[in-house]
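Subject: Structure handover

Hello,

Here is the structure I promised to pass on. Please open it first, then read my notes below.

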Amino acid sequence: MTLAVCATPIGNLDDITLRVLAELRDADLVLAEDTRHTRGLLQRHGIEAKLLSYHEHNEALRVAELLPRIVAGERVALVSDAGMPGVSDPGARLVRAALDAGVVVSVLPGASAVETALVASGLVSERYAFVGFLPRRAAERTALWEQLAGWRWPVVAFESPQRLGASLRSLAAVTPERDVVVCRELTKRFEEVVRGNAASLADRYAEPPKGEITIVLGPSEPALPGEVAAGAAVAELVAAGTPRKVAVEVVSRLTDMPRNDLYRGSL
């Protein structure tokens, strides 16, 4: 009883591992987000396989339909149009159901738009945040920018080309000088990596570009001396045995530092 979760190329069809190719050849059934897209990938590598659609609109139905077949021993491979299924693409529901049923879930890694964009941006740090697709609503985007204003490491996100300009203008209204890198069509023929600040890139992408977009935000400004001292005070209280929330509350009252910033900085 196994379910193979297979990463597929994010653009260039040759960016696929030998393990994934072998699994797709041997599978009794390949679940694909778009069967036409996956058929092109299989044809590129000379693979014939039985394909079945598995996408956000039929995910619940497919889980109920396929889980008994997997439990019965059918060899099933799950792919998305690009990258790893279950990460901003359908698949997480089937994985959880399979695990709950005692099925072995084998994850076969491969190309990642997140890591590719992060390295291409030149903003790599010891940690980063991935926030998936940016919110569609303006108020939710603004809330996200404000939340990330206290994050001192890079942030990676996906965005629709039609909403890219609006998102960059929204970011520029909060932190106009924050470094931003727009990665378009990664690994494809017309790959483009554009660097600038939020304000300049909002102007550049006033008109929607073509292709798939991954953006990387640079870290926020370094902490001011008062912020450093407040963070150190929280850390000392926590080390002394004070509950984190209590330590944050006390230091926030004494320094007027936002509680949320202190709490995030103490993790």
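**What I found**

A129 stands opposite V155 in β7. This is a predicted model: local features need pLDDT of at least 70, side-chain atom pairs count only at pLDDT 80 or more, and totals for chains, interfaces and linings use all residues. Residues are numbered from 1 along each chain as its sequence is written, and side-chain values use heavy atoms, with hydrogens and water left out.

Start with the sheet. It is open, has five strands in the order β6-β7-β10-β8-β9, and its pairing is mixed. Strands (E, at least two residues) and helices (H or I, at least four) are DSSP runs, numbered from the N terminus. Two strands pair if DSSP finds at least two bridges between them. The edge strands are β6 and β9 (192-197), each pairing on one side only. From one strand to the next, the twist averages 15 degrees; axes are lines fitted to C-alpha atoms, and angles run from 0 to 180 degrees between N-to-C directions.

Now the neighbours of β7. Three bridges link β7 to β6 (residues 129-133) in the parallel sense. With β10 (residues 213-217), β7 runs antiparallel over five bridges. There, F158 stands opposite T214. Further along, β8 (residues 179-184) and β9 are antiparallel, with six bridges. C183 stands opposite V193 in that pair.

Last, the largest pocket. A pocket is an open set of points on a 1 Å grid over the protein atoms alone, where a 1.4 Å probe fits, with protein on both sides within 12 Å along at least five of seven lines. Its volume, the space filled by probe spheres set on the points, is about 700 Å³. The lining (residues with an atom within 4 Å of a point) has 31 residues, of which A82, D89, A113, F158 and E212 lie nearest the centre. The elements that give two or more residues are α5 (113-121), β6, β7, α7 (161-174) and β10. α5 gives the most, with three.

Best wishes
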